[in-house]
Amino acid sequence: QKNFLKNGLKAVTIADVNEEKGNEAVNKLNGEFGDKAVFIKTDVTNEDQFEGLFKTTLEKWKSVDIVINNAGVLNDSQWEMEIAVNCNGVVRGSLLAMKYMGKDKGGSGGILINIASVLGLQPLSSCPIHVATKHFIIGFNRSLGTPYHYRRTGVKVITLCPGLTDTPHLKEAVKNAITSLDPNIGELLSEEFQTFPSQPSEAVARALILVMSKGDNGSVWVSEGNKPIYEI
């Protein structure tokens, strides 16, 4: 969000289930940029809360121009919740983005970015359900990002696939492996993750700015190993 404001975005809404972290982020942003950020506690699996996020954002900032669906979990041991967040949440957020930004709905168009993963481009033995959700996002986004939908809505749809990124949910991944599939799968997950180059979260923030400016509708981009992004 800091990168967005530095690059000319007028205001941002942060949505998350973690109220403490969300308010902390907003306080930092407003301390640096003025009244440019608001936090709205949102569970992406809750339809009313998710639409309420869009309604409140529209009331606060008068327009919705960019939507980034970034909510995700890596927890195959609770796979129903994982699918609800990673798949259902992305679909719900995308449909709401089309509703509130789409020219066919009275909006002005905009940009929708859904965050997948490099795991959506390959198999991985240790977290098959998580990998499947990331494949889902790429397939969904590519189909939503076809000319048919763009002509109708004026919303440009882009997919960003980060590589292994230093975020809190990665630290929890090993203990959240689906041991009912194999009691040793947590160790395998740790071993497989060590084969991926790591990067700081700031690398993904920079990638978001770049794909917003240079990404075509329906395009899929990779940000991995703290190296320049590339399109696939």
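Tutor: Strand β5 covers residues 155–162 and is mostly covered, with 8 of its 8 residues buried. Buried here means under 20% relative accessible area, against over 50% for exposed and partly exposed in between, with a 1.4 Å probe and protein chains only. Strands are DSSP runs of E of at least two residues, helices are runs of H or I of at least four, and both are numbered from the N terminus. The model is predicted, so local features need pLDDT of at least 70 and side-chain atom pairs count only at pLDDT 80 or more, while totals for chains, interfaces and linings use all residues. Residues are numbered from 1 along each chain as its sequence is written, and side-chain values use heavy atoms, with hydrogens and water left out.

In a regular strand the side chains alternate between the two faces of the sheet. In β5, V155, V157, T159 and C161 lie on one side, and K156, I158, L160 and P162 lie on the other. Both of these faces are covered, and the residues named on them are all buried.

Strand β4 (residues 110–115) runs parallel to β5 and is joined to it by 6 bridges; two strands pair if DSSP finds at least two bridges between them. Within this pairing, I111 stands opposite K156 of β5, and N114 has T159 as its bridge partner. Strand β8 (residues 220–223) is also parallel to β5, through 4 bridges. Here L160 stands opposite W221 of β8.

These pairings belong to an open sheet of 5 strands in the order β3-β4-β5-β8-β9, with mixed pairing. Its edge strands are β3 (66–69) and β9 (230–231), each of which pairs on one side only.

The protein chain as a whole comes to 9 helices and 9 strands. Its radius of gyration, taken over C-alpha atoms, is 18 Å, close to the 17 Å from the globule rule (2.2 Å times the number of residues to the power 0.38) for 232 residues, so the chain is as compact as a globular protein of that length. Buried residues account for 47% of the 232 residues. Of the contacts (heavy atoms within 4.5 Å) between residues at least 6 apart in sequence, 67% join residues at least 24 apart.
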